[in-house]
Amino acid sequence: MMASDGAISSETQRAAVVDLGSNSVRMVVFEGVVRNPVPIFNEKATLRLGKGLEETGELNPEGVRKAMDVLKRFGTIARVMGAEPFDILATAAVRDARNGQEFIEAAKTCVPNARVRVLKGGEEADYSANGVLCALPHAEGLVADIGGGSLELISIGDKSVVDSVSTPLGVIRLRERAEGEVDRAEHIAKQVLADVSWLPEMKGRPLYLVGGAFRALARLHIAKSKYPINMVHLFKLSCDEARDMTAWISKATRKHLEKVGNAPRKRLGDAPFAAAALSRLIKRMQPSEIIFSAEGLREGWYMRHAASSVVAQDPMQALASEMAGRLGRNAQLPDALISWTTPLFRRDGKWELSPYELEQHRFACMVSDIGSYDHPQYRAEQTYHRILYSHGVGFDHILRAFVALVTAVRYEIELDHPVLEPSRILLDEATFARAVQLGMTLRLAYTLCAGTEVLLKPCELKIEDDVLVLYMGADSLRAAGGAVKRRLERLAGAMGLLCQIHES
């Protein structure tokens with residue numbers, strides 16, 4: 001539906017932000033006010049505004065000309081899509097250039113419907129940190145956000161920024177200072193990072209990597225290692241794995257990187273210099289693990305300006321509730337399922353699961369009915385893929401593989417089905433077995449209750465002396481001789497138990 005001025009009329013709030021960096025410019029339009037940002041438009045153009053800045057002190061003239069054309073286009077899109085607020089945020093290149101303010105004034109003329117401003121180094125760091133906290137609200141460690149002109153380093157803890165610094169280690173600037181020599185770039189990075197006095201305090205804590213050049217490293221490593229999910233967000237490496245990654249990428253020729261593939265061609269020239277900066281950062285910080293985040297400055301802006309009212313929500317709880325409400329049949333059932341499946345994973349009244357495993361369990365129960373409206377012949381595979389590749393800022397890869405497997409088993413997929421290969425690779429043997437058991441438990445539960453908490457209530461599942469016992473009350477559906485019995489036997493077999501049914 002179109003409004004009289006040609007804009008899209010929508011009751012759903014939309015917000016747009018343009019991240020105008022030293023290397024590229026990207027516009028994202030978010031829809032709604034939700035805990036998991038929903039991008040409905042996402043477009044990038046490579047400008048290389050910061051090219052030559054180290055030598056001339058000014059923005060790249062060709063990049064400036066391209067920028068005005070791109071910004072006009074983005075302004076029109078924001079107007080037609082009805083995005084408000086609409087911000088254009090310029091970072092290191094414009095901030096440091098002699099003609100930066102002149103560029104900003106020209107941009108304001110080109111895009112009169114936008115708020116155009118230059119972020120200070122501290123503001124840029126704050127937005128980047130809040131982008132990571134959008135996905136991982138309990139994250140504590142170091143955020144490193146690399147651009148073309150700068151590398152922002154931000155210490156985060158207790159859901160806020162503890163310390164931050166902007167360093168001149170953006171990939172364009174570093175490449176120019178090193179005159180195209182990767183070894184020299186690593187030496188420059190070593191000198192710059194030595195001046196960050198608080199960096200050794202980050203030793204043994206996680207390192208969160210943000211920015212297109214770092215994402216390119218992840219994409220190359222995912223392709224080279226044949227990792228089963230081609231998804232950068234929350235892709236994790238150990239410190240040793242990250243060292244190996246930076247070593248081979250920093251020494252690789254462009255031709256070799258092109259053969260590896262999976263990364264934007266325009267990023268390949270910068271990849272060895274991003275690897276050089278990361279290598280020195282790892283040596284200086286010695287992190288416990290490396291976590292790549294696709295959520296950064298733009299998502300931090302969204303949480304601060306467009307969705308501040310929902311920041312306190314847990315992203316995974318919000319995602320599970322949204323998926324269950326949109327795709328499931330009964331919004332009241334998930335809580336009943338969580339309670340009903342509890343006895344299988346408790347001993348002496350206490351959970352045997354860690355807090356993270358408990359989160360896996362609860363999330364799987366909440367989304368266990370989202371295949372209800374899919375075609376029965378393809379329901380298991382469809383639901384597996386829907387969960388494995390679902391958008392969700394806090395949805396890490398292990399959780400994806402676990403929950404996808406649970407739901408596929410709930411819909412009776414064969415365990416040797418090739419679609420389950422990502423779960424077989426990502427999950428250890430014990431976690432895989434637990435996912436199968438939970439999936440079979442949920443299959444039994446849905447058979448008993450037909451998707452309603454009323455029919456589940458009279459039934460109870462317990463483990464008594466190595467026997468899995470199903471108690472069926474007077475108000476339950478009596479089908480012990482058919483599907484219920486078969487599914488109970490399958491579950492008991494998976495758990496290495498005998499089984500019984502008690503009907504009252």
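Start with Ala 144, which stands opposite Leu 209 in β9. This is a predicted model.

Val 143 has Ile 154 of β7 opposite. Follow the chain from β6 to β7 and you pass through a hairpin of four residues.

Is β6 buried or exposed? Six of its six residues are buried, so the strand is largely enclosed by the rest of the structure.

**From β7 to helix α3**

Stay on β7 and select Glu 152 together with Arg 95. They form a salt bridge, with the closest N and O atoms 3.8 Å apart. Arg 95 lies in helix α3 (residues 92–96) and Glu 152 in strand β7, so the pair ties together parts 57 residues apart in sequence. Glu 152 counts as buried because its relative accessibility is 0%. Arg 95 is partly exposed, with a relative accessible area of 23%.

Select Arg 14 and Glu 31 next. Their side chains meet in a salt bridge at 2.8 Å, N to O. Arg 14 is in strand β1 and Glu 31 in strand β2 (residues 24–31); they are 17 residues apart, and the pair links distant parts of the chain. Arg 14 is buried at a relative accessible area of 11%, whereas Glu 31 is partly exposed at 24%.

Move back to Gln 13, in the segment before β1 (14–20). Which residues does Gln 13 touch, leaving out those up to four places away in sequence? The contacts are Phe 30, Glu 31, Gly 32, Val 33, Glu 84 and Ala 306. Gln 13 counts as partly exposed, because its relative accessibility is 37%. For a distance across the model, draw a line from the C-alpha atom of Gln 13 to that of Gly 261: the separation is 38 Å, for residues 248 apart along the chain.

**Helices α5 and α13**

Now show helix α5 (residues 121–135) and helix α13 (residues 297–306). They pack at an angle of about 85°, with their axes 6 Å apart. That makes α5 roughly perpendicular to α13. To see the contact, display side chains on both helices. On the α5 side, the residues are Glu 124, Asp 126, Tyr 127, Ser 128, Asn 130, Gly 131 and Cys 134. They meet Leu 297, Glu 299, Gly 300, Trp 301, Met 303, Arg 304 and His 305 in α13. Coloured by class, the contact shows five nonpolar, five polar and four charged residues.

**Further salt bridges**

Select Asp 369 and Arg 329, whose side chains meet in a salt bridge at 2.9 Å, N to O. Asp 369 lies in the loop between α16 (355–366) and α17 (379–388), and Arg 329 in the loop between α14 (315–327) and α15 (333–341), so this pair ties together parts 40 residues apart in sequence. Asp 369 is buried, with a relative accessible area of 7%; Arg 329 is partly exposed, at 44%.

Finish with Glu 54, Asp 96, Arg 173 and Arg 177, which salt bridges with shared partners join into one network. How many salt bridges does the model hold? The count comes to 31.

Technical notes. Residues numbered from 1 in each chain as written. Predicted model: local features only at pLDDT ≥ 70, side-chain atom pairs only at ≥ 80, totals over all residues. Heavy atoms only, no water. Helix = DSSP H or I, 4+ residues; strand = E, 2+ residues; numbered from the N terminus. Buried < 20%, exposed > 50% of the residue type's maximum accessible area, 1.4 Å probe, protein only. Contact = heavy atoms within 4.5 Å. Axes fitted to C-alpha atoms, helices over the stretch in contact; angles between N-to-C directions. Parallel < 35°, antiparallel > 145°, perpendicular 65-115°, else oblique. Nonpolar A, V, L, I, M, F, W, Y, C, P; charged D, E, K, R; others polar. Pairing = 2+ DSSP bridges. Salt bridge = Lys/Arg side-chain N within 4 Å of Asp/Glu carboxyl O.
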